[in-house]
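Visitor: I am new to reading protein models. Could you take me through this one by question and answer?

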Amino acid sequence: MPEIFHDLPIHESDDDEAVRLLGELADKALPGAPEEDRTRFAVMCALGVDDLLAVGADYAGICLTAVDGMPCSATLFVSLVDGPDVEGVLGVVTAISSSLRRVGTGEVSRIELPCGPAVSCVGTRESTLTGELTESGESLTFPTGYIRVYVPLPNGTIVVMEMSTPTMAGWDIFSTMFGNTVSSIRLFNADGSPLITSGTGA
């Protein structure tokens, strides 16, 4: 992961330890910021954990930066999900692409990564900020841009990676970082030898 992303403790079951880790995260992400801002950021991260667990996230990270003086943030998660019951990696890619196009969730493309074929979906969805974090005390709905990539594995599992940001001023930077991260995926056989999936392979 890019160093600018900080790990979110999404699987910490001990509440006290989770609070401590979120406090450390806020200190790293907002060094020198007022305690009120760091606390608000930690609460925001905590409120997002349930959503990340709901999509089956195995890893999640968050980034805060400034683009042309404007604060920007992005969240990234990785999950492993079961693939459709079709044969071969290309069959999975075709099935995922068709399914995403049917529901019209965004711009769907087949892409070629160093590890093999994959599917990307780029779009926008509505997100909600709870009233606990707004000055008015009322919930706020806003658009969030995202890129989601599906990488089929030969064993029928799919690696799903998503980057999302509510601050479109940082889109170019975040999407470039995400593209580099996805392109860095490497697969290996159990004996440690490199594995590159293909249309005619597993």
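Visitor: Is Asp 27 buried, partly exposed or exposed?

Guide: First, this is a predicted model: local features need pLDDT of at least 70, side-chain atom pairs count only at pLDDT 80 or more, and totals for chains, interfaces and linings use all residues. Residues are numbered from 1 along each chain as its sequence is written, and side-chain values use heavy atoms, with hydrogens and water left out. Buried means under 20% relative accessible area, exposed over 50%, and partly exposed in between (1.4 Å probe, protein chains only). Asp 27 has a relative accessible area of 39%, so the residue is partly exposed.

Visitor: Which residue forms a salt bridge with Asp 27?

Guide: A salt bridge is a side-chain nitrogen of Lys or Arg within 4 Å of a carboxyl oxygen of Asp or Glu. Here the closest N and O atoms are 2.9 Å apart. The partner lies in helix 2 (residues 35–54) and Asp 27 in helix 1, so the pair ties together parts that are 11 residues apart in sequence. The partner is Arg 38.

Visitor: How many residues apart are Glu 24 and Arg 20 in helix 1?

Guide: Their side chains meet in a salt bridge (2.4 Å, N to O). An α-helix has 3.6 residues a turn, so residues three or four places apart point the same way. Both lie in helix 1 (residues 15–29), about one turn of the helix apart, which is 4 residues.

Visitor: How many helices and strands does the protein have?

Guide: Helices (H or I, at least four residues) and strands (E, at least two) are DSSP runs, numbered from the N terminus. In order, the elements run β-α-α-β-β-α-β-β-β-β-α-β-β. The protein has 4 helices and 9 strands.

Visitor: Why do the buried residues of helix 4 line one face of the helix?

Guide: The buried residues are Trp 171, Phe 174, Ser 175, Met 177, Phe 178, Thr 181 and Val 182. The arc is that of the directions from the helix axis to the C-beta atoms. Seen down the axis of helix 4, the buried residues line one face because they fall within an arc of 160 degrees.

Visitor: Which exposed residues does the face of helix 4 turned away from its buried side carry?

Guide: The buried side includes Phe 174 and Phe 178. The face turned away from that side carries the exposed residues Asp 172 and Asn 180.
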